[in-house]
Amino acid sequence: MANFQNLNQQWGPPPQHYPPQQYPQYDSNAPYPGPTPQYSQPMPPSQPYAQDVKNPYEGERFKPKKKINDPIFLVLFILQFIGFAVLSGIALQSWVAEGGLGGGLGKPGATSGTNITLNRSAVYLLLLITGAALLLSTAYLMLTRMFTRMIMHITLILTIALNIGICIYYWITKYYSGAIIFTIIALLSIFSYWGFKSRIPFASLLLQVVMDVSKHHMSVYAVAMSALFLQACLAVWFTFTVIATYSKWTPGNPSCETSSCSGGKVAGLVFYETFSFLWTSQVIGNVALATLAGGPYGSWYYFGPKSMGEMPKHPTLSALGRASTLSLGSIAFGSLIVTLLELLRMILRTAANNASADGHPVEACLACCAACFIGCIENMVEYFNRYAYIEISLYGKAYIPAAKDTWRLFKDRGIDALVNDSLVGMTLTWGAYAIGLLCSLFAYLYLRFTSPSYNFDGQYTAPMLLFAFLIGLQCSLTLSSAIEAGVSTIFVGLGEDPQVLAIRAPELFALVASTYPHVTQGVPHS
C-alpha cells in the first residue's frame, strides 16, 4: 500500500477532460505500463480517484477460501469425461484390432487401409505450416501494436464488406432464409459504422496497453499454447472415437456378430461423444482464461508491474491451481450452459438442412431462424461468461454469485457500454483469417514445388490446404485469446476499482474519464 501512496504523490490524479478528438497517445517507449511522463504533473482532481486505492487482497481477492465451488457440476464433469474415455477405449480397441488404422498397427494380416497415403513429406509440411502460423501471428500482433488505429479501421470496413458479400451470395443462390438474416445484419453494420469508428481511439489504446503487459509475462502465451495443444489432442481423440464408433456398431460390420448394432445406438453414442467433446473443450479454454485473468493480468492490475515488488511469486501457477481445482466446478457449470445451447443449435441446423432437402422451405426457414436465435443467445451467454470467469478467478466465487456480480457491473457501472465499444476482438479475428489464408498459400506452393509422391495427381491438395488454413487460423486465435483475456480483465477491474487504472495506465484512464465519466465513479463492493 505504501507503494501505491508514493505513486499517487509522485504522479498525481489523472486529468478528467480532453478537448474533442484530442485523444492522448499511448507512449510505446514508456516503461512497463504505468505512469508516463506526460502525466507527471499534478492536476486538481474532481474526484478522489487515485487517493482511493484499495488493498489488492480486499474481498478475498487472490486468496479465496479453500472451498470447492459448485461440486455437483464438478462431479458431473468428471463422470462424463470418464464415460467418454471408457467408451472411446472400447470402440478404439475393437477398431484397431480389426485393422482400422492400417499401416501395420492392426492385427497381422488385416486388409483394411491403403498403402498409398500421406508420408513424411505431409508431416514436414504441417510442421512448417505450424511454425509459419506462429511466426505470422507474432508479426501481426507487432504490426497491430504499431498501427493499431489504422488496422482497426481496415478490419471494421472488411467486416461490413463481408456481411454485404454474404448477403448478396445468399440472394444469388436463392437461400432466402439466410439472405433475409444477413440483409438485416448488413444493414445494421452499415448504419453502425460511424458509431464504431468514433470508438476506435479507446479500443486502440486499450489494446496497446494489454499488449505491453503481455510482453513482460511470457506465461500468457505459454498458457494459451498449452490450451491449444490440449484442445488439438482432444479433437484428434474425438475424431478417431467417432470413426471407431461407426465402425463397431453400424449394422453390417463384422463386430456386430459379437455385439448388438443399430442405427439408433450409433446415433446415441455419437451424440454423447459430441456432447462430451464440446463440454470438455469449453472447460479447457475457460480454465486458460481464468488462469490468465487471475494470474498475470489480474496481478498487474492490482499489484502493479514486477519491478514494484508487490506482485506475488508465480501468479500464473497460483491462478492455474485455483482454476483447475477449487473453481473447476464453477467453470464446468458455465461451460455446460454454452454446450447445451451449441448442441441445440446443431440440432436445429440439421433439421433445417433435412427440411430443405425434403422440399419443405417453410419448415427449413423456421428451423434456420430458430438456430440463428439460439446462436445469438449462445454468443451472449458465452460473452457474459467470460467476465463471470474473471470474477471466479479473482475471488474464488461460485458461478451463480459470479454471474450476479458480473450483471451488476454491466448494468450499474456502465461497463456494458465499454464492452460494446471494444473493437479488439474484431481486429484480432480478421488477422487470424488473414494468417489462415497465408498458410494455405504456403501449403499450395509447397505442394506445387516439391511434388510429393502421395499428391502426384493432386488428390490431397484440397485437404492439405484446408488443414493449413485451420492450423493458421487456430494458432492466431489462440495467441489472440491471450490478448483478449487481458482486455476483459481490465474491463472487470475498471468496473470494480477504476481508481487503480489511473495509476497503471493513466492515458487509458484519462480517455475513459473523458468519454465515459460515469464509469470512473467509485464502485461499492457487494
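Helices (H or I, at least four residues) are DSSP runs, numbered from the N terminus.

1. Basis. This is a predicted model, in which local features need pLDDT of at least 70 and side-chain atom pairs count only at pLDDT 80 or more, while totals for chains, interfaces and linings use all residues. Residues are numbered from 1 along each chain as its sequence is written, and side-chain values use heavy atoms, with hydrogens and water left out.

2. Confidence. The predictor's confidence in each residue, pLDDT, runs from 0 to 100. Its mean over the protein is 79, and 81% of the residues reach 70 or more. Among the elements, helix 2 has the highest mean pLDDT (94) and helix 1 the lowest (39). Residues 103-117 have pLDDT below 50. Residues 34-52 stay under 50 as well. Where pLDDT is low, the predicted coordinates should not be read in detail.

3. His314. This residue sits in the loop between helix 9 (263-303) and helix 10 (315-323). Most residues other than glycine have a negative phi. Buried means under 20% relative accessible area, exposed over 50%, partly exposed in between (1.4 Å probe, protein chains only). His314 is exposed because its relative accessible area is 55%.

4. Asp70. The loop between helix 1 (2-11) and helix 2 holds Asp70. Asp70 is not a glycine, yet its phi is positive at about 50°. With 16% relative accessibility, Asp70 counts as buried.

5. Ile78. Helix 2 (residues 71-97) contains Ile78. Its relative accessibility is 40%, so Ile78 counts as partly exposed.

How values were computed:
Helices (H or I, at least four residues) and strands (E, at least two) are DSSP runs, numbered from the N terminus. Contact means heavy atoms within 4.5 Å.
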